[in-house]
Amino acid sequence: MAKKPKVAFYWCASCGGCEEAVVDLAEAVLDVVAAVDIVFWPVALDFKVEDVEAMKDGSITVSFINGAVRLSEQEEMAKLLRKKSQVVIAFGSCSHMGGIPGLANLWDKDSIFDYYYHKGPTVQGQNGSEPLMKVEVPEGVLELPSFWDTVKSLDQVIKVDYYLPGCPPTPKLLANAVQALLSGKLPPPGSVLAGTRALCHECNLNESKPEKLLLKELKRVHEVQVDPKKCLLAQGVLCLGPVTRGGCEALCIGGNMPCTGCFGPTDEVKDYGAKGVAFLSSIVDFNEEKDIAKVLEKVPDPVGLFYRYSLPTSFMRRTLEVKRE
Amino acid sequence: MTSERFEPRIVAFVCNWCTYIAADAAGTARARYSPNVRLIRLMCSGRVDPQFVMSAFEKGADGVMICGCHPRDCHYNEGNYKTLRRYLLLKKMLSQLGFEDERLRLEWISASEPEKFRRAVEEMTEHVRKLGPVKENGGK
């Protein structure tokens, strides 16, 4: 019997949704399991770090790593898997661009600890204790991984061969990626394994998008009863489809929710947030400063809107001042 | 002492039809202004993608100016209106990212206003000089 390719899954700073995406392959997961050997998957299988350390370098065919990197432990594991794997795939928005955990880059370790362990409201009240990296107890020394000031995307820590975008990546994209790996028909290294055009191109509502899109008023999702047959932008709901990479088949829009940009920008765009600003500005149909400002009141948090998934990989990473309340 | 003074680096995106001509006229008239500003000529201020501004900051600019024709004066009719909208939104976003208000400035300067150009550059340089370099966190 031919040797099956070995596959590893690992999670860093993530919510677990990416693991769910693997399980969402449903019956197809059995085909995957039949075709490959899963050698490491902390969320589902009982392998230990020692088992990975014992493997020969390059013996894992492909490692799927999800989650952003913000702890020393995650960096160690990413580096270990990089050494043991031929191909590393950044799985999901967090490892691709930093993801939602990346918004913590508006603060740093001290300000985060200060709030959560000293100032923030809790049920029991704060008692002033905070996690330490090292503590001595009678039985010996206990250690915790260190917490960084900066949340990083996976490719800021190790070399990444491919990216599977999405929050989480769709089972279809995962299945395609596995298929490509098994057949050896891989795109050039560094590719994002999804569409290359903007989401609008594959959106079912694209036909109802007006030729010239101009808005006098933005509406937030809770303020409007969405017509499921009409382009959300035409209804005033801020959908980020025009600046977002396609490949998800407009799942959110199918559920009457606007695109929030989890697939990140297309290949040509370096900074998703800046492009988002350009996009939104171009559809506001006013020329006077006070009218424009009024429309933009509906965007109270541009960073949260446009960098929801990509702050660590933006141009602004770490050139910013840390907020201290 | 002067050598120890902080010399800010300022990038100015100027449009071909108004502000660049004003800058040229300022030069011809031998108006003196700070050498801290680096002009980048574009056909229209509407060409200024917010990515340019953020990229300038990333590459070490301490301040960025966007200069174009006055409203209703755009060579391409409405390029400067687009600039205005982008500027307002970008400014809001930059302030969230910890940038002080004065680091990004929008100025309408027509071809016949070299003095306004000189003044804007001088003011910008002084404001940014007071702010100092863009603060880096540089955390690990």
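Two strands count as paired if DSSP finds at least two bridges between them, and the strands themselves are DSSP runs (E, at least two residues; helices are H or I, at least four), numbered from the N terminus. This is a predicted model, where local features need pLDDT of at least 70, side-chain atom pairs count only at pLDDT 80 or more, and totals for chains, interfaces and linings use all residues. Residues are numbered from 1 along each chain as its sequence is written, while chains are lettered from A and ligands numbered from 1 in the order in which they are written.

**View 1. Strand β1 of chain A beside β2(A).** Strand β1 (residues 6–11) runs parallel to β2(A), and 3 bridges join the two. Look for A:V7, whose bridge partner in β2(A) is A:I38.

**View 2. The open sheet of chain A.** Here 5 strands line up as β2-β1-β3-β5-β9, with parallel pairing. At the edges sit β2 (37–40) and β9 (162–164), each pairing on one side only. On average, neighbouring strands are turned by 30° against each other, direction ignored; axes are lines fitted to C-alpha atoms (for helices over the stretch in contact), and angles run from 0 to 180 degrees between N-to-C directions.

**View 3. A helix across the sheet.** Helix α7 (residues 171–183) of chain A lies across β3 (60–66), β5 (85–91) and β9, running at about 155° to β9(A).

**View 4. Where chain A meets chain B.** Chain A brings 30 residues to the contact and chain B brings 28 residues; residues are in contact if their C-beta atoms, placed from the backbone, lie within 7 Å. On the chain A side, α9(A) gives the largest share, 8 residues.

Conventions:
Contact = placed C-beta atoms within 7 Å.
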